[in-house]
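Reader: I have a structure on the screen and would like to learn how to read its features, one at a time. Could you guide me through it?

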Amino acid sequence: MENILFEQVTVGGVTLRNRIFMSAAACYNADATGDIDYGMPMLHFAVAKGGCALVPTGGVSGVHPSGRTNATRPMFDSDERIPSFRAFAEGVRRGGAAAVLQVTHGGAGAASYQLSLGRKPFVASHYPRHPKEGLGEVNREAAPATEEEIFEVIAAFGDAAVRARRAGFDGIQVHAAHESLLSQWLSPLYNLRNDAWGGSVENRCRLHCEIVREIKRRGGVDFPVIVKLGIEDTLAGGTVEAEGIRAATLLAAQGNVDIIEVSQGLQNMDDMERTCLRPHILSTDREAYFRTWAGKVRAAVRGGALVTLQGGLRTPSLMEEILQRGEADFVSLCRPYIREPGLVNRWAEGDRSRAKCISCNRCLWEHLTHGKPLACVFSDTPSEAGRVWA
Ligand SMILES: Cc1cc2nc3c(=O)[nH]c(=O)nc-3n(C[C@H](O)[C@H](O)[C@H](O)COP(=O)(O)O)c2cc1C
């Protein structure tokens, strides 16, 4: 019975050695030019070597200058950045995994930085004037993107697809979950437009559809496109489940998306229990917290796109059950690899005990608040601790 997890699959022109992916982890910075700073340990190379089938970059918000959220984020808006990203793709492919570029845009999350540069933020309609105060009505600044600006950003995503191919990536992933521009654009909280780019779900999802259309057109039909889609916001008044599933259906029906990775939409990081990064996943009943959404998306898209489930997956027998039941086509993990980069090989070699990660999120806080290299605070070997990842 048990075997789907380790089956080889072909998507577009790309052969994947099994059905276990990595979920994107932005855990490195850029140097002054916008190139990736390889001075930090590169977890991704060790995860690729550790048996994982597909390894994305962390979200690259500098696909267009307006997307960059701060001066430490990598850029990918010019051919000069290709050698730096080629080193990433090569490092992942050397480990035997498919290398994928995750492209994103900060939208309202980039507003402070963009304003500090004297630029108008690129947002659906509004950004929070004081980011810590949220997007309450009194704290909203209106700055709707013009159609000309919208088409410029769409074209930039297409350019990124061409560059990604030239840099040796096997595919591209569009970030449309969590706090990304596309999450904002789908959300009635951030998108108050009343033209063709706002209002109905169809209109709020138009930018997603146009971006993936452009990526497929420029990147080629054999260059797989993954969309990491936020199905529901945890913020009151945001996108609701039915709308997220409708967006998945629209994307799949268009025929330009190969895989939809299901995740959370806009989320309140003060309430971690309702984010994609739920803490303390210590038993199987806490695992797979987006399972219902994945099943619903898979049923709704009717084969128009394959579906990846991520979020708290830790136990191989549970993942196998989910795939066997047709609730998803792939599974994807993030935090467990920070503790055990060789996790997939461990499972493939027969030790199928659950991932050691306890989802305490201390790796993330140490990294985000103290700028430490991403590492598990409980790791007991140097390689697990991430000091010699590469
Ligand atoms: C350090 C870190 C960085 C992350 N960066 C990204 C990112 O750049 N893009 C993204 O889509 N998700 C990002 N995530 C979220 C993960 O991809 C994933 O959705 C989440 O961790 C849930 O999966 P898990 O329970 O297996 O960790 C990040 C998570 C962590 C821990």
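Reader: Which residues of α2 are buried?

Author: Buried means under 20% relative accessible area, exposed over 50%, and partly exposed in between, with a 1.4 Å probe and protein chains only. In α2 the buried residues are Ile 82, Ser 84, Phe 85, Phe 88, Ala 89, Gly 91 and Val 92. This is a predicted model, in which local features need pLDDT of at least 70 and side-chain atom pairs count only at pLDDT 80 or more, whereas totals for chains, interfaces and linings use all residues. Residues are numbered from 1 along each chain as its sequence is written, and side-chain values use heavy atoms, with hydrogens and water left out.

Reader: What covers the buried residues of α2?

Author: Helices (H or I, at least four residues) and strands (E, at least two) are DSSP runs, numbered from the N terminus. The cover of the buried residues of α2 includes α1 (43-49), β4 (54-56), β5 (98-103) and α4 (147-166).

Reader: How many aromatic pairs does the structure hold?

Author: Rings of Phe, Tyr and Trp (its six-membered ring) pair if their centres lie within 6.5 Å, and planes under 30 degrees apart count as stacked, over 60 as edge-to-face and the rest as tilted. The structure holds 10 aromatic pairs. One of them joins Phe 76 and Phe 85, a tilted pair with 4.5 Å centre to centre and 50° between the planes, and both Phe 76 and Phe 85 are buried. Tyr 289 and Phe 290 form an edge-to-face pair, with 5.0 Å centre to centre and 90° between the planes.

Reader: Which residues form one aromatic cluster?

Author: Tyr 28, Tyr 38, Phe 45, Phe 88 and Phe 169 form one cluster.

Notes
Contact = heavy atoms within 4.5 Å.
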